[in-house]
Amino acid sequence: MLMNRVAARDGVAFARLFELHAPVALGLLDRILGRRGEAEEVLQEAFLQVWMQADRYDEARSTPRGWILMLARSRALDRLRRRDSSRRREEAAGEEAAAEAAIFPLGTERLEHQERQRLVSSALGQLSPEQRRCIELAFFEGLTHTQIAERLEAPLGTVKSRILLGMNKLRQALSPSS
Amino acid sequence: MSTPHSTRFEELLPAYALGALDGDDLRELEEHLAGGCEECRPQLALWEGDLEELAATIEPVQPSEVTRTRVLRLAGAGGAAAPAPAPLPATVRTPAWMKIAALLLLALAVWGLAGQARMAREVHALAEERDRLSRQVETLSQEVGRIRSESQRAELALSVLAAPGVQSVALAGLGPTPQAAGRTYVNPRSGDALFYAFGLPTLPEDKTYELWFFAGGKPVAAGTFGVDPRGTGSVRVERRIDPAQIQAWAVTIEPAGGLPQPSGAVVLKG
């Protein structure tokens with residue numbers, strides 16, 4: 001298994017791991033950070049962490065891709081939180097205008113040939129724009145319930161409900177029986 | 001003790017997996033999970049799996065060759081799979097080695113600051129020691145001056161007392177101080193004279209004892225003096241004296257600083 005070889009300090013295996021997962025990880029980082037240079041920097045940090053901590057990977061908990069993506073996301077959100085908050089609000093205001101039109105860059109033609117990704121795209125299509133927006137703010141910007149409520153000027157209970165309902169819809173769509 | 005499982009905790013799990021939980025919800029769920037809930041743990045893993053799939057649907061972006069090279073090189077995993085290192089573009093900011101160097105510099109700065117603080121404490125201690133030694137030197141200088149002065153007085157006294165033909169006159173107590181006594185010593189060759197008093201009471205600050213000698217029937221001021229707690233005092237007569245012309249000696253109590261003519265009570269006479 002690739003991760004076991006990486007944990008055993010196999011450089012070739014690590015290079016292969018990078019080829020397999022770095023593009024998606026960079027796509028996620030670019031989506032979160034909105035700056036390619038910074039995204040590539042965080043990608044380097046994330047993969048260095050993968051190299052150093054590969055022995056901590058637990059295959060029972062996640063796939064290698066899932067582990068790498070969550071690790072990269074965590075780093076990106078840390079980076080995001082350190083940014084100047086006022087500038088971040090300005091950027092968010094600009095994003096709000098385009099939110100309805102392009103909330104998730106998902107469900108593209110490129111993904112349609114892969115069944116699993118088609119399922120995700122389909123599931124996302126079942127969410128209301130409000131549910132998608134709440135999940136997006138939590139997932140891509142690391143905001144909490146309270147922060148999302150403030151950002152959207154929506155009641156806290158409403159935000160909680162949107163996330164719960166939205167996640168359940170995703171679950172249903174992604175379940176094997178669907 | 002773990003809180004019992006409930007549907008409320010199940011409903012918090014998706015937001016927890018998203019990282020959106022906060023406040024009491026977060027605290028309570030984390031306490032519950034820390035108790036090792038058998039039902040919540042697998043459900044949480046499923047939610048995290050869903051999110052991983054969500055993340056994986058993002059449009060892939062090919063990393064730059066520089067990033068790829070740097071990652072593989074930094075990890076020491078170059079081998080045959082990694083191309084030769086390329087120069088860094090401007091977009092790649094803050095390389096890891098630079099961060100390590102910055103950390104080292106920071107550590108050095110902290111160490112330097114600690115050293116400066118240590119040095120400041122040492123400088124302060126040395127300054128205190130210097131001040132203490134300066135005070136000691138000053139005290140010793142005063143002591144040396146005092147000893148030198150006493151030595152000069154002793155030399156003078158010796159030159160008077162040991163002079164051949166020295167003439168001495170005893171003075172007796174009068175009035176309120178009958179127990180007091182005094183004695184003059186005059187070197188007839190040099191004209192130097194000394195006077196010693198014994199058993200005189202101490203005086204208030206505005207008073208002093210004044211020595212007189214009588215020549216030609218008139219009193220001549222010979223110097224003022226005080227006495228120590230034992231009643232002992234002395235004075236060196238500042239003017240040259242011809243003992244042949246002195247008819248008598250006396251000590252009076254006068255205002256501080258003395259007077260050119262006696263005005264107070266006579267306490268010694270001889």
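Predicted model: local features only at pLDDT ≥ 70, side-chain atom pairs only at ≥ 80, totals over all residues.
Helix α4 of chain A covers residues 64-82. Its 19 residues should span 27 Å at 1.5 Å a residue, and the end C-alpha atoms lie 28 Å apart, which agrees.

Arg79(A) leads on to the salt bridges. Its partner is Glu41(A), with the closest N and O atoms 3.5 Å apart. The pair links distant parts of the chain, since Arg79(A) is in helix α4 and Glu41(A) is in helix α3 (residues 36-53), 38 residues away. Arg79(A) counts as buried because its relative accessibility is 11%, under the 20% cut-off. Glu41(A) is also buried, at 5%.

Another salt bridge in chain A joins Glu38(A) to Arg35(A), with 3.4 Å between the closest N and O atoms. Here Glu38(A) is buried at 6% relative accessibility, whereas Arg35(A) is partly exposed at 25%.

A further salt bridge is formed by Arg68(B) and Glu19(A), whose closest N and O atoms are 2.3 Å apart. This pair crosses between chains, from helix α4 (residues 65-74) of chain B to helix α2 (residues 11-33) of chain A. Arg68(B) is buried, with a relative accessible area of 14%, and Glu19(A) is partly exposed, with 31%. Over all chains the count comes to 26 salt bridges.

The last stop is on the surface of chain B. Leu105(B), Leu108(B) and Trp111(B) make a nonpolar patch of about 390 Å². Leu105(B) belongs to helix α5 (residues 96-161). This leucine counts as exposed because its relative accessibility is 58%, over the 50% cut-off.

Key. Residues numbered from 1 in each chain as written. Chains lettered and ligands numbered in written order. Heavy atoms only, no water. Patch = residues over 30% accessible without salt bridge, like charges linked within 9 Å, V, L, I, M, F, W, Y side chains within 5 Å. Areas by Shrake-Rupley, 256 points an atom, 1.4 Å probe, with all protein chains shown as cover. Salt bridge = Lys/Arg side-chain N within 4 Å of Asp/Glu carboxyl O. Helix = DSSP H or I, 4+ residues; strand = E, 2+ residues; numbered from the N terminus. Buried < 20%, exposed > 50% of the residue type's maximum accessible area, 1.4 Å probe, protein only. Expected span 1.5 Å × (residues − 1).
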